[in-house]
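Me: I have not worked with this structure before. Could you take me through it?

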Amino acid sequence: MKDTLIIGNWKMNGTGATNTQLVQALVAEISDITGTTVGICPPFPYLAQVRGLIAGTTIRLGAQNLSDRAEGAFTGEVSATMLKDLGCCYVLVGHSERRSLYGETDALVADKFAAALEAGLTPVLCVGETGDERRAGVTHEVISRQLHAVVNKVGIANIAKGVIAYEPVWAIGTGETASPAQAQEVHQALRQLLATQDRSVADSVQLLYGGSVRADNAAELFAQPDIDGGLIGGASLNAATFASICRSA
Ligand code: PGA
């Protein structure tokens, strides 16, 4: 059985003071958890601070975004090498907010996935359909397109070096969670898409669910056979809630 992975995505939240409170409380709450890897993704300016706060614990550091470029005249961008240098293990790639608010295309997301691998980071590729796409019955086409853009760029074997998060856009930050059956159905489809190219990659890659995961719905989601953990937004900003989600994994 694969280890469970729970990643907290803080998005654009926090201050130096609240980060210290949150991480200290989290460290105290989850120090006894085994069999589950826990990661947190603070905003860029706080990576160094949080790195210090989690030093000596099993919590891993991640970032929420990265540049597709290695270095140079790209004002405002942050490279994979810089994230590695700051102690990051993970980096989110293609989060729906990046795709919808900042115009990230499938091609750019694939380039970012490749840049993360190049620097030795574990990219967490986010895929998911909008509410309109689900109602139009094209969920599988959408996730297939998003997935294959990356597979075609880096090759199927390299997908195993990353993590895939299924995050239905209609469930992100809305309080409307996919039902365990809805989530499982898409996770199974993702695994089947991978299996058509490489069965061992399909079996080994961790598939996370994200979208309004809470303390009271986490256990049922994580009990699904193809769900290996979660990508947690809003609920990761509360230490007790996030710890409870980690524990249900
Ligand atoms: P949410 O966000 O848990 O607040 O719905 C999840 C995400 O955007 O990763």
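Predicted model: local features only at pLDDT ≥ 70, side-chain atom pairs only at ≥ 80, totals over all residues.

Me: Which residues come nearest to the ligand?

Reply: There are 13 residues around the ligand, and those that come nearest are Lys11, His95, Glu167, Gly173 and Ser212. The shell comprises four nonpolar, seven polar and two charged residues.

Me: How far is the side chain of histidine 95 from an oxygen atom of the ligand?

Reply: An N or O atom in the side chain of histidine 95 is 2.6 Å from a ligand oxygen. The backbone takes part in such pairs too: a polar backbone atom of serine 212 is 2.7 Å from an oxygen atom of the ligand, and for a backbone N or O atom of glycine 234 the distance to a ligand oxygen is 2.8 Å.

Me: How much of the ligand's accessible area does the protein cover?

Reply: On its own the ligand has 280 Å² of accessible area, of which the protein covers 95%.

Me: Changing topic: which residues of the largest nonpolar core touch the most other members?

Reply: Those are Ile40, Leu83, Ile159 and Tyr209, in a core of 65 residues. Helix 5, residues 106-118, gives the most to this core, with seven residues. Another core, of 11 residues, lies apart from it and includes Leu5, Ile7, Cys126 and Ala165.

Me: What does tyrosine 209 touch?

Reply: Leaving aside residues up to four places away in sequence, the contacts of tyrosine 209 include Tyr166, Pro168, His187, Leu221 and Ile227.

Me: And glutamine 146, is that buried or exposed?

Reply: Glutamine 146 counts as buried because its relative accessible area is 5%, and buried means under 20%. This residue lies in helix 7, which spans residues 139-154.

Me: Which residues does glutamine 146 touch, not counting those up to four places away in sequence?

Reply: Glutamine 146 touches Arg99, Asp106, Val127 and Gly128. Valine 127 is 19 residues from glutamine 146 along the chain, yet their C-alpha atoms are separated by 6.3 Å.

Me: What lies 3.5 Å from a polar atom of its side chain?

Reply: That is the backbone oxygen of alanine 249. Beyond residues up to four places away in sequence, threonine 4 touches Ala249 as well as Gly35, Thr36, Thr37, Gln206, Asp228 and Gly229.

Notes:
Residues numbered from 1 in each chain as written. Heavy atoms only, no water. Near = heavy atom within 4 Å. Polar contact = N/O pair within 3.5 Å; in protein donor to acceptor, adjacent residues only side chain to side chain. Areas by Shrake-Rupley, 256 points an atom, 1.4 Å probe, with all protein chains shown as cover. Nonpolar A, V, L, I, M, F, W, Y, C, P; charged D, E, K, R; others polar. Helix = DSSP H or I, 4+ residues; strand = E, 2+ residues; numbered from the N terminus. Buried < 20%, exposed > 50% of the residue type's maximum accessible area, 1.4 Å probe, protein only. Contact = heavy atoms within 4.5 Å. Core = buried A, V, L, I, M, F, W, Y, C linked by side-chain atoms within 4.5 Å.
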